[in-house]
Amino acid sequence: MKRALIIRHVPHEGVAGYRQPIEAAGYGIDRVDVTDPAFGSLDLREPDLLVMMGAPMGVYEQERYPWIRCQMHRLALRLGADRPTLGVCFGAQMVAAALGGEVYPGPVREVGFHPIKVHDNGRTGPLSHLVDVPILHWHGDTFTLPEGVELLASSDLYAHQAFRRGPNLLALQFHAEMGEDERFHSWVEQWPEAVCESCGDVERLRAAHEEHGSRAVAAGRAMIGDWLTTLH
């Protein structure tokens with residue numbers, strides 16, 4: 001059986017809705033937390049599929065979180081070998097940095113459910129499922145676009161929402177995996193100030209989650225399912 005490795009940077013940001021299409025594509029799922037003593041010795045080139053999820057820290061906080069530098073080095077080796085890789089939010093920022101991009105704090109936090117603008121080159125691929133679908137955004141950092149990648153989507157606040165490099169690399173700034181996972185409520189409880197700063201108030205965000213969550217996750221699952229069929 002093919003193996004997918006999920007890197008979880010914090011316990012409340014897991015693979016969530018993406019688990020179903022990954023398993024449906026025939027992958028057995030393994031998970032490792034960056035706090036696991038074994039994490040530093042893993043060869044990230046080995047899994048058939050690598051999925052890196054979100055986190056509240058920044059890629060530039062390597063002095064505070066030494067595992068970031070270690071992970072970046074091993075990720076760069078995997079990307080150099082063109083092994084199938086999916087990065088989500090912080091994971092996407094890690095991919096951008098490993099390819100030579102710069103990750104930095106953005107001008108505002110982007111939190112809430114709203115559609116992305118899928119560019120024409122993305123409307124014939126996996127991101128076509130997200131057109132006009134409100135999906136969850138929860139980030140304050142952004143990145144410069146690395147050389148050799150193709151920008152697929154933007155939002156009103158951030159130009160770089162998704163990019164790919166060939167069939168084997170997909171980076172997503174947004175959270176189309178979230179909408180039915182109870183960990184969403186942990187996010188709200190831990191960072192209410194981010195909610196208030198970006199989208200008004202906690203109750204409005206909870207109401208948007210109830211209204212849009214299931215549709216967002218269904219679109220996200222379809223996107224990942226399609227992407228997995230294209231891997232080389």
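**View 1. Helices H2 and H3 pack against each other in the predicted model.** Two packed helices are described by the angle between their axes and the distance between the axes. Helix H2 covers residues 67–80 and helix H3 covers residues 90–98, and their axes lie 9 Å apart at an angle of about 65°. Because angles of 65 to 115 degrees count as roughly perpendicular, H2 and H3 are described as roughly perpendicular to each other, and their crossing is right-handed. On the H2 side the contact is made by Trp-67, Ile-68, Gln-71, Met-72, Leu-75, Ala-76 and Leu-79, which meet Phe-90, Met-94, Val-95, Ala-97 and Ala-98 of H3. Sorted by class, this contact of H2 with H3 has 11 nonpolar residues, one polar residue and no charged residues.

**View 2. Helices H4 and H6 cross at roughly 165°.** The axes of helix H4, residues 183–190, and helix H6, residues 202–229, come within 11 Å. An angle over 145 degrees counts as roughly antiparallel, and H4 and H6 are therefore roughly antiparallel to each other, with H4 passing H6 in a right-handed crossing. Phe-184, His-185, Val-188 and Glu-189 of H4 make the contact with Val-202, Leu-205, Arg-206 and His-209 of H6. By class, the contact of H4 with H6 has four nonpolar, two polar and two charged residues.

**View 3. Cys-70 is partly exposed, whereas Cys-89 is buried.** The relative accessible area is 31% for Cys-70 and 4% for Cys-89. A disulfide is a covalent bond between the sulfur atoms of two cysteines, and the structure holds zero disulfides.

Key. Residues are numbered from 1 along each chain as its sequence is written. This is a predicted model: local features need pLDDT of at least 70, side-chain atom pairs count only at pLDDT 80 or more; totals for chains, interfaces and linings use all residues. Side-chain values use heavy atoms; hydrogens and water are left out. Axes are lines fitted to C-alpha atoms, for helices over the stretch in contact, and angles run from 0 to 180 degrees between N-to-C directions. Helices (H or I, at least four residues) and strands (E, at least two) are DSSP runs, numbered from the N terminus. Angles under 35 degrees count as roughly parallel, over 145 as roughly antiparallel, 65 to 115 as roughly perpendicular and the rest as oblique. A crossing is left-handed if the near helix is turned anticlockwise from the far one by less than a right angle, and right-handed if clockwise. Contact means heavy atoms within 4.5 Å. Ala, Val, Leu, Ile, Met, Phe, Trp, Tyr, Cys and Pro count as nonpolar, Asp, Glu, Lys and Arg as charged, and the others, Gly among them, as polar. A disulfide is a pair of cysteine sulfur atoms within 2.5 Å. Buried means under 20% relative accessible area, exposed over 50%, partly exposed in between (1.4 Å probe, protein chains only).
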